[in-house]
Every structure is written in C-alpha cells, then in structure tokens.
Amino acid sequence: MIARDSLAAVLNALGATLAERGLTYEILVVGGSGLLLLGSIARSTKDVDVVAIRHEGEFREASSLPEPLRDAAAATARAFGLSDDWLNTGPADLMFFGLPEGYRDRLQVSTYGGLTVYAAGRLDQIALKLYAATDATRLRDLDDLRAINPSEPELLEAAAWVIAHRLRRFRYDVAYLLRELGVEDADETL
Amino acid sequence: MQTKRFKDEVVELGLELAWSLWAELSVSGWTRRHSAAAIDLEPLILYTSWLGQFDRRLRDESVDWCISNPRFVSAIRLKNLLRRSSIDVSTSFADFSATVKSHARVPWPGNGTAWKLVPSGKSGMVDLARPALIQLDLRAICGVSARAEVLRLLISESNRGWTSSELAQLSAYGKANVTAALDTLVLANLVKEERLSNGFRFSLLSEPQLIALLGGRPAQFPVWSEILRIVEAFVRFATTKASARSDVRSVEVGGVLREIDRSINTLGLTASPRVATGTDLNYHFDAWVIQLMRQWAGVPDPAAGEVANGNEATYTINRLSVPPGAWMGIVSNPGEQPRALEMPEWAEIYIEHPRSDTIVSDDSVGAPRVAHEILRLAEKRAGRNLGDYWGSGDGRNQLVARAFAEERLWPMRPGQSITFGETFLRAWRRDRLERLAPTTAPSGNAR
C-alpha cells in the first residue's frame, strides 16, 4: 500500500530515475492515487491507475506502459516494497469511451523530474468514482465519494456523464454482438 | 552516489574472486582461495571476458590459459551460457573469443575484434589432482561432454534424485544431450534411474568408486554460473550507477535486485536487503553486497573478525545437504589439529560408544545450540564461562544464540559453509548483549 505521505516520495524517486536515464513521460492518473494527489482523501492506495499517456500534446489511451517506464516502475517497486504492478493501466478503457467533457481544463499537474503526472480534476474524479460505485461490490468507491463530499450540483453533473458513459459502453457491447451475428454495419446502424 | 570505497571494494573483490578461481586452474601469481570449491570453467571464462576491463593482466592471462588448454573448454556450454548472459558479457566475450581464436583453433562462439596479444605462456599444465578441478578431471575421462557435466552435478549432491530438466538447466547442455548422457550412464551402471509419480529421477549409483577414480571430491560445489551472474550485476552497479540522489540510487538498487532475483532463488540465498525500503535500502544493500562478495571471493573481513590471524581460533559451520539442513562444525584452535564441534552432553551420553557422527539436526534448537557452542568456546578462550545453553545466563544464552542463528546460520543454504573467528564471535555477542540490556538484566560472570 502507498500512504499519502509516501506517494510523493515514490513518484519523486521514479521521476528522478527517469530523468537520470534521459527519459520523460507524462501520465494521466485517476482513482485513489489521483484523489491523494488532489488531497481529497487520506487513505492509502494500493496502486496508481494510469488512464492515458500524453504524447506530443495529446492524451492517448494507455493499453500498456512503455517498456522503459515499466522497467523503472518495477525497480521503484522493489526499492519501496510495493507490488510490481503499483503503476498500471487498469482503467485505460475509460479513455476509449471518453472522460467527462472539458476534463483537460480541470487537470492538476505535478512534475517529478522526468515524470509529469496529470491528476483528473475534482469533478472528473467524482464522476469516475460514481461510475465505479455503481458496481455494488466496490464499497470503497462509495466511501471515497463520501470523503470527497461532493455538492448536489456536482453529483448531478457527474451522474449525467455516468449514464452517458454506461450507455456508450452498452452500445459498444451490443454492436460487437451484432457484428458477431453477421450485421456488418452494426456500428453505423445503431 | 557510489562511495569510492564501495566501488573500489566491489571491483577488488570481483577481481580477487576471478584471480583465485584462475589460480586453481594454474594461472600463476595469485592466492588460491578456492581449493575446496569445484570450479566451473565456462561461466568463469564468460565472466572474466567482461571483468577483464578492470584488470588487463587478468584478461590476458586468462586468454593465455585458454590458448594453452583449449581441449578442456566446452564450446557448446559457452554458446548455451552466452544465451543467458547479459549484453555486456556477450559483447566482451566476442572480443575475448576472437583473441583466443587468433592463436588457437577452437570452435568457440563469438565474432568480435581480437586485441593484440603476445601469449605470456605462463599458464602451467592444469593439475588434475586438485579437487577443485573435478570438472576438468571428468572431462579428461569422459571427454568434454554432457556426460562429464551430468556426473559432476550428480556428484555434487549424490543423495539427491535429479530430473533430467534440472540437470540440463544446471549443466548448460540441451535436454536431448543430457537425456542421451543419462541413458549411457545408466547402461554403465554408474547412475540409477527411478520412476517416481511425476517422472524419472537420477542419482549416482557407484559414488565411492567414482570418487576413488577421481582422487577425491571438493567440499563445495558452488553454482558459479549464478554466482558470477550476481557478481557481474554488483560490479556493473558499483561502476556505472552513480546517482548523487539517494532515492534514485535506491531505485537502481531495486533494479539490480530484480535482475538477480532468479539467481538468488536458484542459490537459495536470502536477499536480506528486501526488508529495507526507500533510501535505507542503500546501506543494507551495500553491506549485503560486500558480505556476499567477500564470502564468494574467500576474502575474510578483518573488521568483522572473520579472519584467522594465526593466533585465533576459528569455527567453521557447514550446513549439510544430507540430512537436509543439518549442521556440522569444525573447531580449529591455533597449534592444534582441527576437531569436530561436539555438543557438551554428547561426551556424557556416549562415553562407552562414542558417536560415529557429529551432526546436529536442523530442529528448532539445532542452529541455536550450534551458535551457543561456538560462542561458548570463543568466550572460554578469553577466560569467561558462559554456562550451558538451557539454564545459564538468565535466559540470555538462549536469546543470544537464537539471534545468532537467525542472523548468521539459518540464512545458510545446504552445502554452504562459513568460518567465524573467535574475536568476531566475542564482539558479536558483546554487541547483542548491549542491545538486549534494557530488557534483560545482566548477571553472572559471563559478560
């Protein structure tokens, strides 16, 4: 687990190592680590969820971490006693289906040597947490939401994105099934 | 940042190790510290080809040996081990190989640039009577073959049942070659084949005859291919990773620990720095590296008292493979013949029929009792009486002995041995008593 106090130390060590190796990366993080960076929660987090990697000014879905970043992160894991996948791309498909409108303007940027970390803003974190909390098995997300203490307007704005996001995913799944069943232009038809 | 002392010490120990192993092979002019350890030639050649950048004489003398003794070297093992080697070793070996090939006709892998070399001709004839050269002895008998390597491994742990996969992995020959070698050795009644639920196991059938033929066996069979891989990683770290930031250095240490994970597991070592994290890792890692390298190079640490200065008693503790994990010790008092370490009660119990062995079981008190006995003997030489393990010293004897077992003995793997000097043992015990002082009231005359 990574405590709030040690998250900065871990990212500092990773970023400085990247810098000394002549490498730079820019990552967009969400989840518990993102909330820790925003100062919205106090609990520890087990990992840092990377949802996108910024390349030439554009955020791109991170299906996997670049090898040099993965290698440095694994060495950092060993140095700080973290699990090997503490820096991972678990929720990268969030990017595929789209983050809340205007998320770029709300990003909070922190620079750690060769590593620039963009943490999703408060409104986006609320939306993502609300989306995650719709999975009844994820009680921690509901606790995080309570810790963030969102206002009613914030919750309603987040809820609109959650419903639209869920719909986009559901539509994607249906289109996939239709394609499997022989409907060639399923994406356009739906 | 690497301190100069750390860097110099790591490089120096790496070179000491290589020189000592080559000295066993009759390369002249260096101290032999591995007379009791079986040498493994091909990993040594590969390692030396890379380490030679820090000592040109080592590089040239090892090439000289290879030019003089090519018939003992396995090109197949070189090729197979190269596949598992680092890029640095592959690159340096290419030049090393080219240099050897410019003086001798050998089918070695590697296609680099030969350096100018006038062979010194100092490499003497290898002395196959040396137990450390059992690999070359077997090659002289069986030819440079998988058969010779398989026999070496079977001799190294003669009571163990080996699978052909294990033998292939450690011999660095292909599985088909190893299987064929095992077939012929079974036919020759040298090896026993047993079918177990999950496949065949192979073990030595005629060990005494084979050992007699070879003129003895070395006491230890270190897995040099893995040890030298670790040493290479340590030396590379000490000479190239030079961050001024302690947190970056700890990450680089983390990278080294990941790199050597498999070798550490193969050797059954405990990566003691694992308990430390963050910048604390640096200190623990450095101490661990030096301790391991000293142990492998056979270089005692005067600061730790791990040295026999001629007037010191030493206590060598062996962790046995058979019975698994059991203990056996040797006491060497200055001016006396070494003798087996015995538990005090044995003298009373076995008066009429002395024990034929001096093995201490690896039960929960085996290692602590061995620890207490060597601490007791060391203190006795300084005129102090510790009393027995169970009842004396207000329980401190048990606490101290258990701590020593945890720190020094239990981390040993079967087949490993370590020697402690009396000064070190007394210093270690004093230090431990000081740490115990707040919770344990000192009493008696043992302090």
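These entries record what I looked up in a predicted model with chains A and B.

**Entry 1: the interface.** I began with the contact between the two chains. I found 15 residues of chain B in contact with 16 residues of chain A. Helix α12 of chain B, residues 246-259, supplies the largest share of chain B's side, 10 residues. By residue class, the side of chain B that touches chain A holds five nonpolar, six polar and four charged residues.

**Entry 2: a helix pair in chain B.** I next examined helix α7 (residues 146-156) and helix α9 (residues 175-187) of chain B, whose axes lie 9 Å apart at an angle of about 75 degrees. Angles of 65 to 115 degrees count as roughly perpendicular, so α7(B) and α9(B) are roughly perpendicular to each other. From α7(B), I noted B:A146, B:R147 and B:V150; they meet B:N177, B:V178, B:A181, B:L182, B:T184 and B:L185 of α9(B). I classed the residues of this contact as six nonpolar, two polar and one charged.

**Entry 3: backbone angles.** I then turned to phi values. Most residues other than glycine have a negative phi. A:N149 is not a glycine, yet its phi is positive, about 55 degrees. I located A:N149 in the loop between α6 (139-148) and α7 (152-180) of chain A. A:N149 has 9 other C-beta atoms within 10 Å and is exposed, the cut-off for exposed being 12 or fewer.

B:N189 sits in the loop between α9 and β1 (191-196) of chain B. I counted B:N189 as exposed, with 10 C-beta neighbours inside 10 Å.

Methods: Residues are numbered from 1 along each chain as its sequence is written. Chains are lettered from A and ligands numbered from 1 in the order in which they are written. This is a predicted model: local features need pLDDT of at least 70, side-chain atom pairs count only at pLDDT 80 or more; totals for chains, interfaces and linings use all residues. Two residues are in contact if their C-beta atoms, placed from the backbone, lie within 7 Å. Helices (H or I, at least four residues) and strands (E, at least two) are DSSP runs, numbered from the N terminus. Ala, Val, Leu, Ile, Met, Phe, Trp, Tyr, Cys and Pro count as nonpolar, Asp, Glu, Lys and Arg as charged, and the others, Gly among them, as polar. Axes are lines fitted to C-alpha atoms, for helices over the stretch in contact, and angles run from 0 to 180 degrees between N-to-C directions. Angles under 35 degrees count as roughly parallel, over 145 as roughly antiparallel, 65 to 115 as roughly perpendicular and the rest as oblique. A residue is buried if 20 or more other C-beta atoms lie within 10 Å of its own, exposed if 12 or fewer, and partly exposed in between; C-beta atoms are placed from the backbone.
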